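Grab a pencil and work through a few exercises on the fold shown below. Each one has a task, then a solution in steps.

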Amino acid sequence: MRHLPPLNALRVFEVAARTGSYTEAASELGLTHGAVSRQIALLESWLGQRLFSRSGRRMVATPIARSFASEVSGAFERMTAAAEACGLPDARRILRVNAPVSFAMRWLIPRLDLFHAAYPSVEVVVTTVSTVHEDLRGGFDVAIRRGMAGAGAWPHHRATHVLDDVDTLIMSPSLFTQRPILDPADLEGHRLLATETRPGDWIDWLEAAKLPHLIGRPRTLFDHFFITRQAVMDGLGIGIGPLPMLDIDIAMGHLVTPFPHIRVQRTGYVALLPKSTEDTEPSTRFVEWLAREGAAGQYQLSEGQAS
């Protein structure tokens with residue numbers, strides 16, 4: 001019999017290391033904070049060394065714990081794949097997809113019905129991260145991140161380009177009616193709304209619009225784009241937003257783009273699969289579907305620009 005560490009403690013440890021928080025691990029696993037702490041202590045006792053150290057009010061994984069967590073995540077992924085391979089062929093499959101919040105809310109989720117219609121036996125479960133640079137430690141089958149799909153960019157994953165990211169000026173229809181922006185110079189006097197997770201958006205757009213003298217103007221800053229988007233829709237000011245993720249809002253008349261031809265190209269999004277993923281697995285079909293949807297949206301965007 002193999003001398004295995006306590007498996008339940010390993011599961012708790014993997015989630016705690018991946019989320020970087022005992023509290024978030026407790027929420028994901030349906031446990032109390034104390035139960036998470038006890039399982040981590042049990043594993044530390046079994047290993048004979050500390051896995052987390054206190055930093056302020058948070059428990060932070062040590063470097064060796066992060067390395068260990070990566071191996072544990074890989075082992076869990078292999079066990080999951082093995083279990084799915086042994087399952088009934090027509091059994092409903094769970095596909096875990098992890099994506100940045102704004103991408104999930106504004107682009108992926110509104111399109112999921114199309115995937116479910118094409119693949120009714122696959123149930124997609126979406127979890128989100130607050131930053132596109134979040135670590136890729138287990139807990140999902142497909143990860144969406146900002147980046148390039150070129151060789152060597154993701155050494156442990158197969159990367160597929162999904163969506164371009166193009167920024168332009170956005171505002172609410174009501175604010176446009178009250179104080180229209182018909183020329184870039186009309187920005188003067190408007191409140192500028194910015195997003196902490198998308199630094200440099202205003203600087204780059206103002207340079208593209210040949211308005212560098214406005215770069216130093218103060219801006220109201222929000223932590224995530226979906227908050228900025230809501231503030232723009234409420235007419236609190238004008239913002240910079242990614243066109244591919246706002247096409248539904250624009251089509252429904254919730255937002256307007258005063259200068260759609262003034263754009264800033266950003267690094268787009270890629271879908272990441274573990275290199276061990278088989279071509280016949282649901283995750284591979286999901287990534288292929290994502291790429292088709294992204295390409296169709298980009299074609300429509302180009303058509304709109306040409307018109």
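Before we start: two strands pair if DSSP finds at least two bridges between them. Keep in mind, too, that this is a predicted model.

**Exercise 1. Check the pairing around strands 6 and 9**

Task: find how many bridges join strand 6 to strand 9, and in which sense they run.

Solution. 
- Step 1: Strand 6 (residues 157–170) runs antiparallel to strand 9, and four bridges join them. Here Leu169 has Ile240 of strand 9 as its bridge partner.
- Step 2: Look for Leu193 opposite Gly239.

**Exercise 2. Decide how enclosed strand 9 is**

Task: is strand 9 (residues 238–242) largely enclosed or largely open, and why?

Solution. 
- Step 1: Use the cut-off for buried, which is under 20% relative accessible area.
- Step 2: In a regular strand, side chains alternate between the two faces of the sheet, so check each face in turn.
- Step 3: One side has Ile238, Ile240 and Pro242, the other has Gly239 and Gly241, and all of these are buried.
- Step 4: Five of the five residues are buried, so strand 9 is largely enclosed by the rest of the structure.

**Exercise 3. Classify a helix pair**

Task: describe how helix 2 (residues 22–29) packs on helix 3 (residues 33–47).

Solution. 
- Step 1: Their axes are 8 Å apart, at an angle of about 105 degrees.
- Step 2: That makes helix 2 roughly perpendicular to helix 3, because angles of 65 to 115 degrees count that way.
- Step 3: On the helix 2 side you'll find Tyr22, Thr23, Ala25 and Ala26, meeting His33, Val36, Ser37 and Ile40 of helix 3.
- Step 4: Sort these contact residues and you get five nonpolar, three polar and no charged.

**Exercise 4. Explore the core and its surroundings**

Task: which members of the largest nonpolar core touch the most other members, and is Ser283 buried or exposed?

Solution. 
- Step 1: The core has 23 residues, and Phe103, Leu108, Val142, Ile144, Phe286 and Leu290 touch the most other members.
- Step 2: Elements giving two or more residues to this core include strand 3 (93–100), helix 5 (101–108) and helix 11.
- Step 3: Take Leu108: beyond four places in sequence, it touches Val97, Phe103, Val126, Phe286, Trp289 and Leu290.
- Step 4: Now go to Ser283, in helix 11 (residues 282–306). Ser283 has a relative accessible area of 5%, so it is buried.
- Step 5: Setting aside neighbours within four places in sequence, Ser283 contacts Leu95, Asp141, Val142, Leu273 and Thr277.

Technical notes. Residues are numbered from 1 along each chain as its sequence is written. This is a predicted model: local features need pLDDT of at least 70, side-chain atom pairs count only at pLDDT 80 or more; totals for chains, interfaces and linings use all residues. Side-chain values use heavy atoms; hydrogens and water are left out. Buried means under 20% relative accessible area, exposed over 50%, partly exposed in between (1.4 Å probe, protein chains only). Contact means heavy atoms within 4.5 Å. Axes are lines fitted to C-alpha atoms, for helices over the stretch in contact, and angles run from 0 to 180 degrees between N-to-C directions. Angles under 35 degrees count as roughly parallel, over 145 as roughly antiparallel, 65 to 115 as roughly perpendicular and the rest as oblique. Ala, Val, Leu, Ile, Met, Phe, Trp, Tyr, Cys and Pro count as nonpolar, Asp, Glu, Lys and Arg as charged, and the others, Gly among them, as polar. A nonpolar core is a set of buried Ala, Val, Leu, Ile, Met, Phe, Trp, Tyr and Cys residues joined through side-chain atoms within 4.5 Å.
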